[in-house]
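Hi,

Here is the structure I promised to pass on.

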Amino acid sequence: MAIRQTPDGPIWRKRTTPQSLALWFGWLLLVLLFVLAWEAMTRNQIWAFVWDAPEQAADLFGRMVPPRWSYMDQLWVPLWDTINIATLGTLLAIVLAVPVAFLAARNTTPSPLLVRPIAIFIIVGSRSVNALIWALLLVAILGPGLLAGIIAIALRSIGFIGKLLYEAIEEIDPRQVEAIRATGAGPAQVLDFGIVPQIMPAFAGITLFRWDINIRESTVLGLVGAGGIGLQLKSSVDSLAWPQVTLIFIAILATVILSEWVSARVRAALI
Amino acid sequence: MLRLESLTKRYLTGDLALADVSFEIPAGQVVGLIGPSGAGKSTLIRCVNRLVEPTSGRIWLGDLELTRLGRRGLRRARRRMGMIFQEYALVERLTVMENLLSGRLGYVSFWSSLIRRFPPADIENAFRLLDRVGLTEQADKRADALSGGQRQRVGIARALAQEPEILLVDEPTASLDPKTSRQIMRLLREVCAERGLAAVVNIHDVVLAREFMMRIVGLRAGAIVYDGGPDGLTPAVLTEIYGEEDWTASSDLSDTGPSARPVVPGADELVGAL
């Protein structure tokens, strides 16, 4: 804030002159950084490949259409597996994430110095690893198959659900909780009557959103052998069966649209 | 009934909210606690049911020393004290009936409350209370669908559902319009009379306090500066409690009709005058 006194009265500007100069200099540095980074990134680029990219894309597209519709017979089971991986993984994540969220929220944690950091660590740890990488590890441990996929999805989702849910718990209205405590209710009753009703909308929104994301994530888990439609995708790409790849894309797109529709309906019903 | 002895509360921030407050309330007496914002009114009633832990001093409810109770004992004692809040503090997403039955939580087990299976007698009583506060039609509505006055009625019914011996009431009319405020105050007085309940009512509306309270305790900066009948609230006493202000303008208006809100300066403005 810069208010300057002049003979004609005070003049207001958002920034003082040094502040404006500093801001411009900051933008200049940012542009320079971008140019340098671009330079570094494209040093090893073989431009000949880029120049004929449109032809390559057109060629690939030409080989991809029409989709091989008859291949659909072999896709129903993996598609169903994919949905199951997402759904069971989300349910498992809910079971594990809800307690973690209550331990992590400042207003419900039993011990801010000991338990809360552990809960936060679980959340951060889970969030920092992509589901695909969890799946890679779990396939090595559990062997390929659906189980590895389900657990990979669950491990990744604990952090997501836990973080958003504990933030929702921290934002509840404390007066409603106080009122329930004032009736002589025990701690579990305070949780049930004072806190749970307040976080229900957030909980429904978060878990449905995660389920939605998990449908998409579980379509690629098969790439590393963790079950689902990704396995068919990988083998089709490896055998250059492009019309099959197209059909798989269409199937995934349809599934995602379906899950979007389902979660929108459920959310509307719950809130 | 309720006895406070040298009650003192100092918050962790170092603010002294209550300084050596002592008074006693006999059964059936409705006491108004007045004073500017920050005088310690809310802290005082929250010390009674120990939503706020007192720093020192003792509080008795009948023969029971509240300040010595452990967790279980405190929960059992809280059942005997119904609390009514400034912004109603209903659980917004639960129905009116569930809110009412939450007053019974101290009496039922966790599992029965989890599956919302309350004893039939509790439910019967809840319907009677709803009828008493005029909300029979609203039993199955969600609390957030009600108007302010209706919500405060639910708040009162919830407190009564506890079958309390005393009501702790924190600014019951602060978010209500003048007419509804008077209706709520009248309802409070009536239910206290019907059930022989004592009550401590925090209130910053001096005119309402004068009209509906049997006794007034004036707090200023955490200490009692007035304790007596509502008639004793002379301009000199009000100045003692709130600070310098032209009090005659408000006392002239105190007998006007129910919908005219008398011009009493809000407590917030008065703090500045102190």
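Is the crossing of α5(B) and α6(B) left-handed or right-handed? In this predicted model, α5(B) and α6(B) cross in the right-handed sense. On the α5(B) side, the contact comes from Asn125(B), Ala126(B), Leu129(B) and Leu130(B), and α6(B) brings Ala157(B), Leu160(B) and Ala161(B). Sorted by class, that makes six nonpolar residues, one polar and no charged ones. If you want the geometry too: α5 covers residues 120-132 of chain B and α6 covers residues 148-161 of chain B, with axes that come within 10 Å and cross at roughly 140 degrees.

Next, the sheet in chain B. It is an open one of four strands, ordered β2-β1-β4-β5, with antiparallel pairing. Its edge strands are β2 (16-25) and β5 (64-65) of chain B, each of which pairs on one side only. Further in, β1 (residues 2-10) and β4 (residues 56-61) of chain B run antiparallel and are joined by five bridges.

With 25 residues at 1.5 Å each, α1 of chain A should span 36 Å, and the 36 Å between its end C-alpha atoms agrees with that. As for burial, zero of the 25 residues of α1(A) are buried, so this helix lies largely in the open.

Cheers

Technical notes:
Residues numbered from 1 in each chain as written. Chains lettered and ligands numbered in written order. Predicted model: local features only at pLDDT ≥ 70, side-chain atom pairs only at ≥ 80, totals over all residues. Axes fitted to C-alpha atoms, helices over the stretch in contact; angles between N-to-C directions. Helix = DSSP H or I, 4+ residues; strand = E, 2+ residues; numbered from the N terminus. Left-handed = near helix turned anticlockwise from the far one by under 90°. Contact = placed C-beta atoms within 7 Å. Nonpolar A, V, L, I, M, F, W, Y, C, P; charged D, E, K, R; others polar. Pairing = 2+ DSSP bridges. Expected span 1.5 Å × (residues − 1). Buried ≥ 20, exposed ≤ 12 C-beta atoms within 10 Å, placed from the backbone.
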